[in-house]
Amino acid sequence: MSALACVDAAVPPPGYSVAWDGALPAPGTFPGGTPTTAGGAVSDRPVPWSTDLSAALYRIDGWGVPYFCINSAGDIAVRPYGTATLPHQEIDLMKVVRKASDPKFSGGLGLRLPLLVRFPDVLKHRLESLHSAFEFAIQSNGYSSRYQGVYPVKCNQDRYIVEDIIEFGSPFGFGLEAGSKAELLLAMNCLSKGSPEAFLICNGYKDEEYIALALIARSMDLNTVIVLEQEEELDLVVETSQRLGVRPVIGLRAKLRTKHSGHFGSTSGEKGKFGLTTAQILSVAHKLQRLAMLDCLQLLHFHIGSQIPSTALLSDGVGEAAQIYCELARLGASMRVIDIGGGLGIDYDGSHSSGSDMSVSYSLDEYAGAVVRAVKFACDRKQVRHPIICSESGRALVSHHSVLIFEAISSSTGKSQPLSSMAPNLAYFLDELADDARSEYHNLMAAAFRCEYETCALYADQLKRRCVDQFKEGILGLEHLAAVDALCDLVAKEIGAADPVKTYHVNLSLFTSMPDFWAIGQLFPIIPIHHLDQRPDVKGILSDLTCDSDGKVDRFIGGQSSLLLHELCGVPGAGGGYYLGMFLGGAYQEALGGLHNLFGGPSVVRVSHADGPHCFAVTLAVPGPSCADVLRAMQHEPEMMFDALKHRAEECAGGSGDALMFDALAHAFHSMPYLVYSTAAQAPGSGSDGEGTDAMTSDSEASGGSREEEEDEDWEFMRCLSV
């Protein structure tokens, strides 16, 4: 039966007694046949879907190489050792999600989503790949010095990430860069366990306390370099070093003429935020010479900007900085290090192009080769000894190693109620319209019979606008307006003019977990992590849990305004959930994310490759911040809040309290702020295979203890809350 034919028969709704004469199209196909002008005819024999088609659709072979692929089960798999990963070493992301979210009694960890999965093996591979790229460039170009990088901790200050980098980078003398006093303290502590040659680069604005900390670090035999961002910082360095009796190692940040034109290059060029001009560099050098401290000047630093798009721009900037380095050496400074800053970009959209901030047109080897050749050319021309090359590559190191997993909990089209749910009252309400609106309604149906689809759209728009005006004036009832909306939506769908995009509601805070998307339009690859052996046939956008209209993802890599997704079939948290992953978000997102709507960060698991049936072991599991945690972060006092609410509940109950009510209140304080979907409790030994389901269960189910034990735990938890 045609969709329009469902308005053919009319039965008055309850409370109405007027009959309908049935003057609408008879059952059959849409009048004039199905239009093909708005999207073409659909083949009766669709092409079979495959994982290769999913890989091409979501550009996984572009941005995901060499760490992500699709396995034979249709799930995203992680390749912890890059191209050296053997097939049996691949880690199935869905198995990680099940392990993390399954209740404890079925072998899971009982964590709630959203979930951040870290892969330290990928982090190690990134660091080794960066060092290998520079080693190859140094050897192939006859460069006589070495590469020795640092990690800028501002990219992600997580303790385990920084400690991993120091451990993995120790054979290469890999160090850290700090831009604040807190970061400096962090770096001092971590580098105490690292290579003695590792650099501790001190960037950023500095006061006397910062400089004193840096000099204390040097007195602890840490290879500390104080980089001057402003000329006046030199006086503080000299005075503090004399007071503490520690001779400093000084670097200069040069303000280059070379400018990166993209968003991330806003701090580059002559009008950049940081650095010294050529005149200021000369002034600092002459002052150090007068103080007999020119030997302290040993490093030149510059930063073109993050996400440098091409090696042409890179070579230009490095070449300019290398000339300044050589001139400082000519003036008598004991120069030995050129710090090229950050800027090593990653390919977020898989296009391998230099036309946007979302991609770069070079590989690691090409990046390293361009740097080494530019420095060597300048130094050989001026007959200056080749310096140690240092880079502050943070984004390129940590972006790939973490994946944010979140669940779609429902979807909606934003359309009116379907016709089938309003039948058989629809035709009755349409005939109850005022004369002018009813006339347009009949004109609409007549145009449909004549296959005049553009006219159909015109009449539908006029009908809806007229009825909205009449509703505002009180002439039409709510049922009549709903009937008109439903009819107009049907017409749009039948003539191919309807917007097919669905909104998928996801259990996530965009402002907490993807702040760069909202703030600067940074795009990240977002794709389903399972069902990739099935055809995705729904155009969707993502809407988060926050109360803001811009808390949505409606721009995707490849310039798309929607993402092809699968139809939601299962119940959230009941083994049939639909899971998506945000990739390449390991840099900046965690540190920049706030507490908007008091949604805290995700749960975190650290997953390493291991021999066994599932190819991985969870080496760290951290539940996401609870409601009490985020309240305390905003200066509230959860323990006092609980006592006050408990007292109020007892007063309202006449002095008696409901234990279940108090228990629920206590649970709320230590539950994550995100949505929780509980399933029927699955008793141990009830057939679970240890891998379990995708369910996110309540704390009571996950604990496996008695109700009385849980209540005691809840009360003890509230008593132990730190004020």
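## A buried glutamate

Leaving aside neighbours within four places in sequence, Glu-229 touches Asn-203, Gly-204, Lys-206, Arg-253, Phe-274, Gly-275 and Leu-276. Contact here means heavy atoms within 4.5 Å. Glu-229 sits in the loop between β8 (223-228) and α8 (233-244). Its relative accessibility is 2%, so Glu-229 counts as buried. Buried means under 20% relative accessible area, exposed means over 50%, and partly exposed lies in between (1.4 Å probe, protein chains only).

## About the model

This is a predicted model: local features need pLDDT of at least 70, side-chain atom pairs count only at pLDDT 80 or more, and totals for chains, interfaces and linings use all residues. Residues are numbered from 1 along each chain as its sequence is written, and side-chain values use heavy atoms, leaving out hydrogens and water.

## The whole chain

The protein chain holds 25 helices and 21 strands. These are DSSP runs, numbered from the N terminus: helices are H or I with at least four residues, strands are E with at least two. Of the 723 residues of the protein chain, 51% count as buried.

Take contacts between residues at least 6 apart in sequence: 75% of them join residues at least 24 apart. The accessible surface of the protein chain is about 31,000 Å². Carbon and sulfur atoms account for 52% of that surface. Such areas come from the Shrake-Rupley method with a 1.4 Å probe.

## Helices α4 and α5

Two packed helices are described by the angle and the distance between their axes. Helix α4 (residues 120-140) packs against helix α5 (residues 159-169) at about 45°, with the axes 10 Å apart. That makes α4 oblique to α5. Angles under 35 degrees count as roughly parallel, over 145 as roughly antiparallel, 65 to 115 as roughly perpendicular, and the rest as oblique.

From α4 come Pro-120, Leu-123, Lys-124 and Leu-127; they meet Ile-161, Asp-164, Ile-165, Phe-168 and Gly-169 of α5. By class, this contact has six nonpolar, one polar and two charged residues. Ala, Val, Leu, Ile, Met, Phe, Trp, Tyr, Cys and Pro count as nonpolar, Asp, Glu, Lys and Arg as charged, and the others, Gly among them, as polar.

## Helices α6 and α7

Helix α6 (residues 181-191) and helix α7 (residues 208-219) cross at roughly 10°, and their axes come within 10 Å. The two helices, α6 and α7, are therefore roughly parallel to each other.

On the α6 side are Lys-181, Leu-184, Leu-185 and Met-188. They meet Glu-209, Tyr-210, Leu-213, Ala-214, Ile-216 and Ala-217 in α7. This contact has eight nonpolar, no polar and two charged residues.

Key
Axes fitted to C-alpha atoms, helices over the stretch in contact; angles between N-to-C directions.
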